[in-house]
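Let's take a look at how charged side chains pair up in this protein. Have the sequence and the 3D view ready as you read.

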Amino acid sequence: MHVTSGFLFQSGPYFDVLHCLLGAYVVYRPDVGYVQGMSFLAAMLLLNLDVADAFICFANLLNRPCQLAFFRVDQPQMNAYYTLYEDFFRENLPKLFAHFQKHSLTSDLYLVDWIYTLYSRSLPLDVASRVWDVFLRDGEEFLFRSALGIMRLYEQVLLQLDFINLAQFLTKLPEDMNSDVLFDSIGAIRMTVNKRNFAQVLAKHREQAS
């Protein structure tokens with residue numbers, strides 16, 4: 001099951017409360033407004049919290065640096081995150097990285113959806129919930145570790161695909177994904193590049209983007 005069930009369809013039992021939460025956020029932060037993908041974040045929170053607490057968490061979540069950069073469509077900062085991701089992609093999975101380059105599949109074509117929705121659209125609900133748990137504890141670094149863990153998990157499949165099939169696969173990940181297997185793959189990802197950790201690499205790219 002995905003988070004869309006019961007939330008994003010007008011006939012669903014949670015549609016009205018989701019609509020109210022998103023409307024309240026637009027009033028609260030008109031500088032950000034509504035951006036496609038927000039509904040998936042709000043739905044995940046409403047599964048676990050009452051509407052008032054969900055709104056507070058939603059507003060705080062979107063105020064994190066990575067989410068704010070994407071939801072405000074701050075292109076230079078978005079590019080800094082894409083470049084950071086590609087640094088770690090090249091470091092961890094050089095063969096797959098070269099395959100993506102060969103087929104001109106850039107990270108923004110799939111990573112943007114994963115970041116906008118925090119994997120709640122692309123992963124089964126139980127798997128996405130585990131990703132959220134660690135993300136809320138460890139911060140934005142885990143979003144990129146998760147992306148690379150997905151790549152590592154399906155590396156042998158992805159190496160056989162061309163541009164169209166790569167894009168389709170990454171947009172709609174397998175429904176039978178096992179969370180334990182994915183987290184083993186995530187755990188194998190090294191988050192250092194040239195002896196620099198995630199924060200140091202991000203700071204470098206942010207400085208270059210400004």
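What follows is a short tour of some salt bridges in this model.

## The overall count

Keep in mind that this is a predicted model. How many salt bridges does the structure hold? There are seven of them. As for the general idea, side chains of opposite charge can pair when their charged atoms come close.

## A pair inside a helix

Go to helix α5, which spans residues 75–92. Here the side chains of D87 and R90 form a salt bridge, with 3.4 Å from N to O. Where do these two sit relative to each other along the helix? D87 and R90 are three residues apart, so about one helical turn separates them.

Their surroundings are worth a look too. D87 has a relative accessible area of 12%, which makes it buried, while R90 is at 41% and counts as partly exposed.

## Neighbours in the sequence

Now move along to R137 and D138, whose side chains meet in a salt bridge at 2.7 Å, N to O. Is R137 buried or exposed? With a relative accessible area of 65%, R137 is exposed. D138 comes in at 41% relative accessibility and is partly exposed.

Some bridges also link up: R29, D31 and R72 belong to one network, joined by salt bridges that share partners.

## A closer look at R29 and D31

R29 is buried, at 16% relative accessible area. D31, in turn, is partly exposed, with 42% relative accessibility.

Definitions and conventions: Residues numbered from 1 in each chain as written. Predicted model: local features only at pLDDT ≥ 70, side-chain atom pairs only at ≥ 80, totals over all residues. Heavy atoms only, no water. Salt bridge = Lys/Arg side-chain N within 4 Å of Asp/Glu carboxyl O. Buried < 20%, exposed > 50% of the residue type's maximum accessible area, 1.4 Å probe, protein only. Helix = DSSP H or I, 4+ residues; strand = E, 2+ residues; numbered from the N terminus.
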